[in-house]
Amino acid sequence: MALSGAKTRGTRGLREDGEHEGESPMSVLTEGAATTDYDIFSMDAILNAHERDAAIREQAPVVYLEQYDFYVTGRHDLSQQVLQDWQTFSSASRPFHDPNSVRPEILLVDDPPRHTQVKNVILRALSPAAMKTMKDTFQREADRLVDEIMAGGTVELEAREDLVGRYILKVFPDMLGMPAQGRQNLLSYGGIVFNTLGPENALFHQTLEENGHVLDWVARQCKREALDPDGIAAQMYVAADNGEITMDEAELLVLVLLSAGSDSTIVGITGALRGMAEFPAEWEKLKADPAKARLVLEEAIRWQSITRMLGRVTTRDVELGGTLIPKGSKMGTMMVAANRDHRRWDRPADYQLDRKIAGHMGFGAGIHACVGQAVARLEAECFFRALSRRVDRIEITGAPEPVINNIMHGTVRMPITLHAA
Amino acid sequence: MPKVIYVAPDGGRREVEARPGDSVMQTALNNDVAGIVGECGGSLMCATCHVYVDDAWRQAVGDRVAGEDMMLEGAAAEITPASRLSCQIVMCDDLDGLTVHLPETQY
């Protein structure tokens, strides 16, 4: 591969006298950043993300991507630093930012205070307190589906189509208050959302050509009249009625709900099934103590990060890991790499249910962390509690297919056998 | 280094040293204090680092931050006026000896 570890680049954008904005003078920065001409959004990179992103992580703390003109880090500690410090690493822009995107840009490209006001509306609707009221419903649906699937004993199936997709496309749109028809479109839309967070490459155009027809459908589902007034999505409009946000913002928040809670959650839970199948001792631990169901997804999205990269823009000259990044630079945190950084994680490539998992960035980190994380946690907890009661062992019976997407990462299809308990 | 004292529901006490700047949640995780989970990693998006600040320390610790009430509503254990999310309490020398009581459960 074409990683070029020895190359460095100058500290573009710095003043010659060495004075920088910000409080602390920068030192040891004259070497410039390590660079690479490797295309991190090539098919080679997407198909081999664990190896390629790890190579960038090990090349240097911060690496400049020549092809795309931005900096990335694959280190766990530096990624945490970037994601926690929103004042320095702003979301006002990011690599490949397009204000006219078909994605909802609300929340993703705001900083406080407006970000906080808008986020609180959706966060309240998806909060742990709100999820307490959903727990019985999610568990009932998970039990019902697993009972149906396991009714005839040991069964062969495709993880996404026959199991995880059926569960999530039932409980999540039900919770939002969406009609039963057309829910598969949420998967196509999820693909568009994550692909268009990356560069305008062949995948970007392909996703719009193949799935663009769902955009009209998605837009119609966001209208107030399309939503069950008792569902969670309609609460966005109630917040607008109350003057907390505008009607336009309410519609965009519904679009956020539709964009982020289906495809990505399914990939996350499918990854958890894969982890449990590849590390069967962990499944034994879950069967012995179903309370561990809460931990299954948590470790899965560290082990197989759903998002490959998160983007930011620097608001000042800043030193990161010994590299000076000039003000106004775009940059990315490489989550697949950071979530398996051996500096932070013992045996990072192993799926371990009992790992001290706090500090993983499977949901991102900081103020822009996944706003729906309490929903995903509850969905997964109920799902794996149900499965652990009826399934003795999970066996992968064919080659798992990787997600092929600029930003989303993981397993899309996986033939499995569920051996009856 | 400032110390934090974690008191378990059964009365057991753990006294640990905190790095100034670390939260009470992070300090617990760094020292394997049982009873603090910290699912969201300190992003104020869960309620699994819930503690009850000892009455003697409530004034020094100060009020809940914006957004904390909304998350605390989702806590598994009872919420009292002493309830805080420990990811939002940052250790400093003024808080040396801070005592917090752990709830029965975090989820």
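1. Let's start with the pairing of strand E7 (residues 309-314) and strand E10 of chain A: they run antiparallel, joined over five bridges. Strands pair here if DSSP finds at least two bridges between them. Along that pairing, A:Gly311 sits opposite A:Gly332 in E10(A), and A:Met309 faces A:Met334, also in E10(A).

2. Before going on, some housekeeping: this is a predicted model, where local features need pLDDT of at least 70 and side-chain atom pairs count only at pLDDT 80 or more, while totals for chains, interfaces and linings use all residues. Residues are numbered from 1 along each chain as its sequence is written, chains are lettered from A and ligands numbered from 1 in the order in which they are written, and side-chain values use heavy atoms, with hydrogens and water left out. As for the element names, helices (H or I, at least four residues) and strands (E, at least two) are DSSP runs, numbered from the N terminus.

3. E10 (residues 330-334) of chain A is largely enclosed by the rest of the structure, because four of its five residues are buried. Buried means under 20% relative accessible area, exposed over 50%, and partly exposed in between (1.4 Å probe, protein chains only). E10(A) also pairs with strand E4 (residues 70-73) of chain A, this time in the parallel sense and over three bridges. There, A:Val72 is the residue opposite A:Gly332.

4. Back to E7(A), which is mostly covered, with five of its six residues buried. Strand E5 (residues 89-90) of chain A pairs with E7(A) too, antiparallel and over two bridges. In that pairing A:Ser90 has A:Val313 as its bridge partner.

5. A:Gln304 counts as buried because its relative accessible area is 11%. Leaving aside residues up to four places away in sequence, A:Gln304 touches A:His50, A:Arg274, A:Arg340, A:His409 and A:Gly410. Contact here means heavy atoms within 4.5 Å.

6. Now for the open sheet of three strands, with the order E6-E14-E11 (chain A) and antiparallel pairing. E6 (155-158) and E11 (391-396) of chain A are the edge strands, each with a single partner strand, so one side of each has no neighbour in the sheet. On average, neighbouring strands of this sheet are turned by 25 degrees against each other, direction ignored. Axes are lines fitted to C-alpha atoms, for helices over the stretch in contact, and angles run from 0 to 180 degrees between N-to-C directions.

7. Staying with that sheet, E11(A) pairs with E14 (residues 415-420) of chain A in the antiparallel sense over five bridges. A:Ile396 has A:Ile416 in E14(A) as its bridge partner. Helix H13 (residues 263-278) of chain A packs on the sheet and touches E11 and E14 of chain A, with its direction at about 95 degrees to that of E11(A).

8. Finally, a residue in a loop: A:Asp289 lies between helix H14 (280-288) and H15 of chain A. A:Asp289 counts as partly exposed because its relative accessibility is 31%. A:Asp289 and A:Glu105 are 184 residues apart in sequence and 41 Å apart in space, C-alpha to C-alpha.
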